[in-house]
Structures are given as structure tokens and as C-alpha cells.
Amino acid sequence: MAYLWVKTLHILFMASWFAGLFYLPRIYVNLAQATDPAVKETLIGMSHRLYRFMTILAFPAVGFGLWLYLYYGIGMGPGSGWMHVKLLLVGLIIVYHLVCRRYLRLFEEGRNPHSHVFYRWFNEIPVVLMLAIIAMVVIKPAF
């Protein structure tokens with residue numbers, strides 16, 4: 001029964017973390033287009049609060065996932081190449097999360113180097129990574 005609770009909490013925190021990863025770059029799209037300093041200040045405040053909250057969500061998402069992997073042995077043993085791919089993709093999501101922070105700092109400093117079109121494309125990265133992660137877990141392709 002504990003296993004099911006750990007799995008449930010992993011899914012809950014992962015989905016919540018990804019909600020932030022989907023929304024934050026969308027705010028960046030609006031920030032890149034904003035010309036009014038008051039609007040920019042509001043959007044930067046929203047981005048800062050969202051980033052802080054989604055960082056808090058990332059820790060239990062990763063922690064419960066590691067619990068499943070290390071304690072319950074999910075994805076260990078023969079035919080578990082899918083887990084190695086999943087862990088690589090989770091690493092990429094963590095890098096993406098950190099890149100979001102870098103862009104937030106640039107916005108805070110008034111040094112945004114990208115257009116709103118860039119952020120529209122940047123916003124698609126977590127969608128693709130989430131799809132690949134879910135595919136690894138559900139399909140469990142043999143590698």
C-alpha cells in the first residue's frame with residue numbers, strides 16, 4: 001500500500017511541477033512583448049513567484065521518483081533501459097528548469113536577449129520531454 005502512495009505522490013508533484021514548466025515560458029512570451037514598465041514589473045513578479053513555487057514542487061517530484069527507483073527497484077534489472085532513458089530525460093527537465101531561472105534573471109536585469117517567438121518555441125520543450133517521459137514509463141520499450 002505504501003508503494004501506491006509513493007507512486008501517487010510522485011505523479012501529483014510531477015504534474016504540478018510540469019504545470020509551472022508549461023506556464024512560466026508563456027509568461028516570458030508576454031514579457032518579451034511588453035513595453036509598459038508596470039506590466040513588465042507585474043509579469044516579473046508573477047514569474048518570480050511561479051519559479052519559486054515550481055522549484056519547491058520539483059524536489060518532492062524527484063524525491064518520490066528516486067524512492068520508487070531506489071527503494072522499490074522500479075526500472076532496475078534486465079530490460080530496464082527505458083528507465084535509463086527516463087532518467088536522462090528527467091535530467092534534461094532539471095536543466096530546462098535551471099535555464100528558466102537564468103532567463104528570469106535576465107528579465108529582472110532588463111537584459112532579455114530573445115524575442116517572443118523564441119519563447120514560444122522554448123515553451124514547447126517541456127511538452128516534448130513530458131511526452132517522452134510518459135512514453136518510457138507506459139510503453140517501457142526494451143533497450
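## Glu108 and the salt bridges

Glu108 counts as partly exposed, because its relative accessibility is 36%, where buried means under 20% relative accessible area, exposed over 50%, and partly exposed in between, with a 1.4 Å probe and protein chains only. The side chain of Glu108 meets that of Arg101 in a salt bridge, at 3.8 Å from N to O, a salt bridge being a side-chain nitrogen of Lys or Arg within 4 Å of a carboxyl oxygen of Asp or Glu. Arg101 counts as buried, because its relative accessibility is 17%.

The structure holds two salt bridges, and Glu109 forms one with Arg111, where the closest N and O atoms are 2.7 Å apart. Glu109 is partly exposed, because its relative accessibility is 48%.

## Basis of the model

This is a predicted model, in which local features need pLDDT of at least 70 and side-chain atom pairs count only at pLDDT 80 or more, while totals for chains, interfaces and linings use all residues. Residues are numbered from 1 along each chain as its sequence is written, and side-chain values use heavy atoms, with hydrogens and water left out.

## The chain and helix 2

The chain has five helices and zero strands, these being DSSP runs numbered from the N terminus (helices H or I, at least four residues; strands E, at least two). The C-alpha trace spans about 55 × 30 × 20 Å along its principal axes, and buried residues make up 37% of the 143 residues in the chain.

Helix 2 has 34 residues and reaches 48 Å from its first C-alpha to its last, close to the 50 Å expected at 1.5 Å a residue, the expected span being 1.5 Å times one less than the number of residues.

## The largest pocket

About 570 Å³ of space lies in the largest pocket. On a 1 Å grid over the protein atoms alone, a pocket is an open set of points where a 1.4 Å probe fits, with protein on both sides within 12 Å along at least five of seven lines, and lining residues have an atom within 4 Å of a point. The volume is the space filled by probe spheres set on the points, which are joined across faces, edges and corners.

Of the 25 residues that line this pocket, the closest to its centre are His10, Leu68, Lys86, Ile133 and Val137. Helix 1 (2–33), helix 2 (37–70), helix 3 (81–108) and helix 5 (125–139) each give two or more residues to the lining, and the largest share, seven residues, comes from helix 1.
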